[in-house]
Amino acid sequence: MPILLLLFEAALAVYRIRQGKMQYKAAALVRGFAALLIIVLAAFSVITWGLRYYALVIVLVISAAVNATMAWRGKNEKIK
């Protein structure tokens with residue numbers, strides 16, 4: 001599971017480097033889906049839920065919220 005999340009983050013880093021700018025919306029989506037994936041896998045007993053997953057899901061949700069906020073702020077600043 002951690003390797004899969006590491007691959008998601010590596011793909012996001014490569015995408016950001018190739019685009020040449022911060023991709024807040026893409027980061028929010030990737031991290032939100034990663035948190036959702038962990039929750040779904042735990043719900044279907046594919047992984048054993050433990051304290052480390054609480055911490056990981058909390059970090060992913062906070063990171064997704066920050067990235068979504070930054071994407072929203074950037075969108076609103078472009079309109080003005």
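1. Let's start with helix α1, where Leu-5, Leu-12 and Arg-16 are buried (buried means under 20% relative accessible area, exposed over 50%, with a 1.4 Å probe and protein chains only). They lie on the same side of α1 because they cover an arc of only 35 degrees around the axis, taken from the directions from the helix axis to the C-beta atoms. Helices here are DSSP runs of H or I, at least four residues, numbered from the N terminus.

2. A word on the source: this is a predicted model, where local features need pLDDT of at least 70 and side-chain atom pairs count only at pLDDT 80 or more, while totals for chains, interfaces and linings use all residues. Residues are numbered from 1 along each chain as its sequence is written, and side-chain values use heavy atoms, leaving out hydrogens and water.

3. Turned away from the buried side of α1 is a face with the exposed residues Ile-3, Leu-6, Leu-7, Ile-17 and Arg-18. Just after this helix, Gly-20 has a positive phi of about 80 degrees.

4. Next, look at Arg-31 in helix α2 (residues 24-43). Arg-31 is buried, at a relative accessible area of 14%. Its contacts (heavy atoms within 4.5 Å), not counting residues up to four places away in sequence, include Glu-9, Arg-16 and Asn-67. Asn-67 is 36 residues from Arg-31 in sequence, yet their C-alpha atoms are 9.1 Å apart.

Technical notes
Helices (H or I, at least four residues) and strands (E, at least two) are DSSP runs, numbered from the N terminus.
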